[in-house]
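Open the model in your viewer and keep the sequence panel beside it. Each stop below says what to select and what to look for.

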Amino acid sequence: MSNPAEAKRALEARLQEFVGTETGPPTTGPDLVNEAMIRHWAEAMEDRNPIYTDAAAAKESVHGGIVAPPTMMQAWILGGMAMAQPPTGDEPRDEQNNLHAILTENGYPSVVATNCEQEYHRYLKPGDEVQATTVIESISDQKATALGTGYFINTRTEFSVDGEAVGWMKFRVLKFTPNEAPAAASDDGGGGPMSQAPRRLRPTLGHDNKWWWDGLEEGKFLIQKCSACGVQRHPPRPMCGECQSIEWGSVESTMKGAVHSYVVIHHPPVPGYDYPLVCALIDLDEGIRFVSNVIDCAPGDVHVGMKVEGRIEQVDDEMKLPLFRAVK
Ligand SMILES: [Zn+2]
């Protein structure tokens, strides 16, 4: 089996044998649905809906008593801390573990969860015993992604209580060979010290957006403006969503605005970015919303409504980006 194409075909045929199989016997939640875990969850999520924690208020609600947040569904069947222990090798391996082991042995050691979709048929109530059965629903062809090359594994888990379906979850992971960090960028002609460091992801440039990036190069944050009705829009696109005109010009933004929403990204670290990384939706005073990073600010100090001001900065040897800082 020295021929790589043949080895790949053999591996993929082996992977497909897993499709449609259950990953193991049904999992039964280690605890019945209970108010203590619901309360901890509500606290962690800062969810103050009284139907989760206030027995009197919950009794007056349509539920007639405390219920569990639907998004806790998977929490009821999780195995707890044992999952964090290194495997001893003695555990019975279920089909999912076997599938992952085969991919690991064939050079795809890394795993990252990429998608999760859930549907709930009813609220869970204290005393419910949740059971789950997981089927390996499909395995993709080999895909090249920003993280590396590998296979997407889709599973579908059915949740039930006493045989009654209460919800389902589709879960997708990528089992992959990590890309080499784009270290010495010797192929781009760069020579300075910055060219040695991994760089941020590059935009895909085309007819409809290159003008915007050219503006940044000239130190201008431009906002597209419909020539017919005057409505401003971002990101750049060929047609006005208000009046369908394809005539447009641009105005220069003051880069002043406020944080509409944000997340602080810790993992997975993508080369070229500093972590923790604050990614924010910023409402610019001109009326458009823009995605950027808030920098020079402790992530804990960022808040919705925070006034920010942007500046176009050189982020590596060839790229400029608008980055935002809190207005003092
Ligand atoms: Zn228009």
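Colour the chain by pLDDT, the predictor's confidence in each residue, from 0 to 100. Among the elements of the protein chain, helix H5 (residues 95–105) has the lowest mean pLDDT, 87, and strand S7 has the highest, 97. Helices here are DSSP runs (H or I) of at least four residues, strands are DSSP runs (E) of at least two, and both are numbered from the N terminus. Now select residues 183–195, where the pLDDT is below 50. Beyond near neighbours in sequence, this stretch has twelve contacts in the model; a contact needs two C-beta atoms, placed from the backbone, within 7 Å. Over the protein chain the mean pLDDT is 89, and 90% of residues reach 70 or more.

This is a predicted model, so local features need pLDDT of at least 70 and side-chain atom pairs count only at pLDDT 80 or more, while totals for chains, interfaces and linings use all residues. Residues are numbered from 1 along each chain as its sequence is written.

**Whole chain**

Zoom out. The protein chain has six helices and 14 strands. Its radius of gyration is 25 Å, well over the 20 Å that the globule rule gives for 328 residues, so the chain is more spread out than a compact globule. That radius is taken over C-alpha atoms, and the rule is 2.2 Å times the number of residues to the power 0.38. Along the principal axes, the C-alpha atoms fill a box of roughly 70 × 65 × 40 Å.

Colour the two domains, whose bounds come from an automatic or database domain assignment. Domain 1 is 4–33 + 68–80 + 94–178; domain 2 is 200–221 + 253–326. Their centres, taken over C-alpha atoms, are separated by 35 Å.

Select strand S5 (148–161) and strand S3 (130–139). S3 and S5 pair in the antiparallel sense over nine bridges; pairing requires at least two DSSP bridges between two strands. Find Ser138: its bridge partner in S5 is Asn154.

Ala144 stands opposite Thr149 in S5. Three residues lie between S4 and S5 in their hairpin.

Next, show strand S6 (residues 164–178), joined to S5 by 14 antiparallel bridges. Val161 stands opposite Glu164 in S6. The S5–S6 hairpin has two residues between its strands. Asp162 in that turn has a positive phi of about 50 degrees.

**The cores**

Which residues touch the most other members of the largest nonpolar core? Select Val67, Leu124 and Val130, out of 15 residues in this core. Such a core is a set of buried Ala, Val, Leu, Ile, Met, Phe, Trp, Tyr and Cys residues joined through C-beta atoms within 7 Å. Buried means 20 or more other C-beta atoms within 10 Å of a residue's own, with C-beta atoms placed from the backbone. Helix H3 (50–53), S3 and S5 each supply at least two residues of this core.

Centre on Val67. Leaving aside neighbours within four places in sequence, Val67 contacts Ile51, Tyr52, Tyr123, Leu124 and Lys125. Then move to a second, separate core of twelve residues, including Val278, Ala280, Phe290 and Phe324.

**Last stop: an open sheet**

Select S7, S8 and S9. The three strands form an open sheet in the order S8-S7-S9, with antiparallel pairing. Strand S8 (232–233) and strand S9 (248–252) are the edges, each pairing on one side only. Five bridges join S7 (residues 222–226) to S9. Finish at Ile223, whose bridge partner in S9 is Val251.
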